[in-house]
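Have the sequence and the 3D view open as you read.

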Amino acid sequence: MSWTKVDDVWVVHADEPGPLRATLTFRVGKADETLPTNGITHLVEHLTLFPLGQRPHYQNGSVRTSVTTFDTSGEPEEVARFLTGVCTGLSSLPVDRLETEVRVLDTEAGKRGYGTSSALLSWRFGPAGPGLWSFDEFATATVDGAALQQWATERFTRENAVLVLSAPPPPGLTLPLPPGPRRDVPALEEVLPATPAWFRHGFPDVAALAPVPRSVAAVAYSYALQNALVDKLRFELGVAYSPTVDYDPYDGSTALMWITGDSHPEHLDQVAQVLAGTIASLADDGTSSERLEEYRTNARKLWDSPDASVALAYTAAMELLMTGAVTPLQQRIAEVEAVTLDDVHAFARTVRDSLLYGLPEGAELTAGQAEPAPELSTEEPVEGTSHALIGGNSRSDRMVVAPEGISGVRADGVHATVRFATARAVLAWPDGRRVLIAPDGVTVTVEPTLWESGEQIVTVVDAATAGVRVPRTARNPEDIPLPPTPPSTGLGRLWERQNGRRSTGSWLMIGSAAVILLVAATTFGSSGQTSSSSGAGIARTILITIGVLAGVFGLSRK
């Protein structure tokens, strides 16, 4: 592995034979966006690749949680032409094609899958950071060409980029990027008041998620838990096919720990009990010395793997982007040799105490294992002007509007509250419908035709939330509710379709879906991604290798 610079962009390369493979990575991704600008990086990636056209060799772009990559594989002159074209394109996006690419993104979104991991991200982080994978790409309605170019110019810069090559840089390679600082990954913002906790989802598996400190002990624990779950669920009980434990670095200090147990519908509760019980056992008793030594033995074998050189280069590149520094390989090896049973045991307790479980119907956890996650607002409702349902009575639901926020209050006192100052977004329809989304994912939907002084409610909301408004397309007249038809007052995590997208049809509800799908292998800090093409190139090759090396260097094993 060697380092050099091209046009002041750091380049790290191996020296492998065969077609030249390249990944140009920028430290910008989903985590850098807000709910109103969700999808802006994806738009930039699409517009950047469009002028390059279709080529006979592999080329691709992907937006992930913490990074965006442009990947290619081919002859040296083909790779050089692609990389130079990407850098040139980023500096001059074809914004006249914006409307067309918005249609392309909408089509792509319709094919994107949703699942348990989506729900976990939404319940854990709300509409921010990794939780943004849960929501529509509202940037298609909120940003113009100037905003897109500014986003690209400020974030796709030479100090915020690293190029990984499978061999030395090809002759004539140029990387004409503008100057700009390396950007830290935004800190994770959790919305759960307490853990361990659980919630219901509509998918046929049991899963859990926890943000954890990055360490070798964390990777060793992942190895021990994975093997324990496979031994029990797959081989002993035969109730699961591929239980997995994934350690997915988010930034330089934090990783996301994913634990998943697939199951036949008849065995969901059994899988949930084994999964939670195994986690508890490792927290109480720790793993065995034999298992820890097995982890170390596998790590030593991987250090000399013929596939390791490019993956090590990619690892180093990601660390440089995430932290501004690179840990020497010998130091990483020493940390693996030095990790102790006590280190792994302490980490096991951290995981047990910080997990959020996603449970399907038919699976249960006891109060001693986890408590139900709150489905609605945990703070007090606002105090202000109370608006009744048209045609309602004194015992009906009401909408309370105050200078600081709005609360939808059910007749039994259960409520959802959104503070204007912290609203992540307000979805706005031409007919006056408003959907306010709070940091915890709780939403309040206002249908002005159903509430006394409904237009006044909308006026107050609009005056207080102009900076986070997201325009929506007009509804069909027949879709606009009219009194005395009452609004839906069902509370909880509602689903519009089986793909897991959030319904916005009720006046009071919580979004619960997310976009990210777990995959077999993923890059450093890449919980979820959008990709402009399919196929196998350096990205997939590297990611699969990184999945193998995860047990050594703390990379994702997804």
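Of the contacts in the protein with a separation of 6 or more, 76% are between residues 24 or more positions apart; contact here means heavy atoms within 4.5 Å. The model is a predicted one, in which local features need pLDDT of at least 70 and side-chain atom pairs count only at pLDDT 80 or more, while totals for chains, interfaces and linings use all residues. Residues are numbered from 1 along each chain as its sequence is written, and side-chain values use heavy atoms, with hydrogens and water left out.

The protein has 14 helices and 22 strands, taken as DSSP runs numbered from the N terminus (helices: H or I, at least four residues; strands: E, at least two). Buried residues make up 58% of its 558 residues. Buried means under 20% relative accessible area, exposed over 50% and partly exposed in between, with a 1.4 Å probe and protein chains only.

| Residue | Loop between | Relative accessibility | C-alpha separation |
|---|---|---|---|
| Leu132 | α4 (116-125) and α5 (139-142) | 0% | 9.1 Å to Gly39, 93 residues apart along the chain |
| Ala370 | β11 (356-359) and β12 (371-372) | 2% | 7.1 Å to Thr195, 175 residues apart along the chain |

Which residues does each one touch, leaving aside those up to four places away in sequence? Leu132 is in contact with Lys30, Glu33, Thr34, Leu35, Asn38, Gly126 and Pro127. Ala370 touches Pro196, Ala197, Trp198, Tyr357 and Leu365.

**Helix α3**

Helix α3 (residues 98-111) has 14 residues and spans 20 Å from its first C-alpha to its last, close to the 20 Å expected at 1.5 Å a residue. That expected span is 1.5 Å times one less than the number of residues. Leu98, Glu101, Val102, Leu105, Glu108 and Ala109 are buried in α3. Seen down the axis of α3, these buried residues fall within an arc of 120°, so they line one face of the helix; the arc is that of the directions from the helix axis to the C-beta atoms. On the face turned away from that buried side are the exposed residues Glu99, Gly110 and Lys111.

**Where α7 meets α12**

The axes of helix α7 (residues 216-236) and helix α12 (residues 341-354) come within 9 Å and cross at roughly 75°. The two helices are therefore roughly perpendicular to each other, a label for angles of 65 to 115 degrees. Ala217, Ala218, Ala220 and Tyr221 in α7 meet Asp343, Val344, Phe347, Ala348 and Val351 in α12.

Terms used: Axes fitted to C-alpha atoms, helices over the stretch in contact; angles between N-to-C directions. Parallel < 35°, antiparallel > 145°, perpendicular 65-115°, else oblique.
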